[in-house]
Amino acid sequence: MKEVEILVKVESDLQPVLAKMALFEKKGVKEVLDIYYYDPLRSELQPKDFALERCFRLRQKGDKSYMTYKIDHFEGDVWSYSDEFEIEISSVSQAEKIVKELGLEELIRIDNTKYLFNDDLYEIAIEDVKGLGIFVEVERLEVKDEEEIELVNEEIRNFIKKFDISCKEMNMGKPELMLRLSKKS
Amino acid sequence: MKETEFWGLIDKNQFEEKIDKISLELGEPEQRKRLSIEVSDWADKTLDTRIRITDGKAELMQKKGNWEADTKKEIRIDLKADAAEILNLYEILFNLTNGDEQRTNVIQFENYIWETDLYELKLSHQTGKSDKYNFELELKEENLDYSKVLKKFGLHPYEGERGIAFWDKWNRELNLDARDMTEDELKVLIKSYL
């Protein structure tokens, strides 16, 4: 599945941003723990100068667990979209054992409270990320193969402008931001 | 979870005869249909990771222990019975085990299983590119004399070498390879087992 989303860092506290989301139907609040891994033997799953071209993670989101592998695609140096392979699993703790036997090592953990909102075309998440700050992440729910990614990205940017919040677009994901913060290259 | 298993080969005639013989002794078997998609890096001969679908129930399974060992440790995770998600898991595992010794064997079983308090006895008819027949005795009691059980039913454990050469030949003759299948072909096969 193609994952096309825009991540912005918000230059305010959480409450003013949540207040702006009154336009949208609340979908709930989820506590999310993401555990990212690297592979000491496979260079494609290792960070290079804090950047990740591929990532593998286990996620605990509320009472559901997921395993995900993402392959990033770039336009030059700019992230464009990711091929995302995700599956719901019954247990992160069992998956950690399997992952460990496959030789993967833990890279970074990201603790996040996600405030989720409904829209017909987009998944909207206001994220309070421990150690990193407040972010807004908007992902288009369905991207057809024939669609031009940059046009979809522009569409999402225009949608975010309607929120009327002071923010800065991030050209990197939260794992990279966290790696830079912890200086784990 | 630790498992101690003994494996051996039989032919089609023996398979049919033994179903009757064992049923007389142990009662009617449970019949189960299974699809296993192995996604493993054979550079590590102590690890066997598979997606398994048994009678519609899907799981991720990993066995840890030398291939030729009788006793191995097994971990299982339940999965949703959804073909698209299972295909996603295949892609995930494929990327995680990518390398020169990667294997992606598609293994199909029709199993006849007898459970007692002391052991589980399974006769398998495997299909794919051809047909092969084999048995597996899994002990529930660590100190059980497995040779007595096998002798009672006229079964002989395979005593030859079962390393890479053996299994590569076995897979070439019997099993499909997921890498040779299109996404749609693999999805259709997965759906047929759900």
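The following paragraphs treat the interface and then the salt bridges within each chain.

The model is predicted. At the interface, 24 residues of chain B contact 24 residues of chain A. Together the two chains bury about 2,100 Å², of which 65% lies on carbon and sulfur atoms. Between chain B and chain A there are three salt bridges, including the one that joins A:Glu88 to B:Lys80 at 3.6 Å, N to O. Eleven residue pairs are in polar contact across the two chains, with both residues at pLDDT 80 or more. On the chain B side, strands E4 (47-54), E5 (57-64) and E6 (71-79) and helix H2 (83-96) each supply at least two residues. The largest share, nine residues, comes from H2(B). By residue class, the side of chain B that touches chain A comprises ten nonpolar, six polar and eight charged residues.

Over all chains, the whole structure holds 38 salt bridges. In chain A, A:Arg109 pairs with A:Glu96 at 3.6 Å, N to O; this links strand E7 (residues 105-118) with helix H2 (residues 92-101), the two residues being 13 apart. A:Arg109 is partly exposed, because its relative accessibility is 39%.

In chain B, B:Arg103 and B:Asp168 form a salt bridge at 2.8 Å, N to O. That pair connects strand E7 (residues 102-103) of chain B to helix H4 (residues 164-174) of chain B across 65 residues. B:Arg103 has 12% relative accessibility and therefore counts as buried. Salt bridges with shared partners also join B:Glu5, B:Arg52, B:Glu59, B:Lys63, B:Glu74 and B:Arg76 into one network.

How values were computed. Residues numbered from 1 in each chain as written. Chains lettered and ligands numbered in written order. Predicted model: local features only at pLDDT ≥ 70, side-chain atom pairs only at ≥ 80, totals over all residues. Heavy atoms only, no water. Contact = heavy atoms within 4.5 Å. Buried area = accessible area lost by both parts, 1.4 Å probe. Salt bridge = Lys/Arg side-chain N within 4 Å of Asp/Glu carboxyl O. Polar contact = N/O pair within 3.5 Å; in protein donor to acceptor, adjacent residues only side chain to side chain. Helix = DSSP H or I, 4+ residues; strand = E, 2+ residues; numbered from the N terminus. Nonpolar A, V, L, I, M, F, W, Y, C, P; charged D, E, K, R; others polar. Buried < 20%, exposed > 50% of the residue type's maximum accessible area, 1.4 Å probe, protein only.
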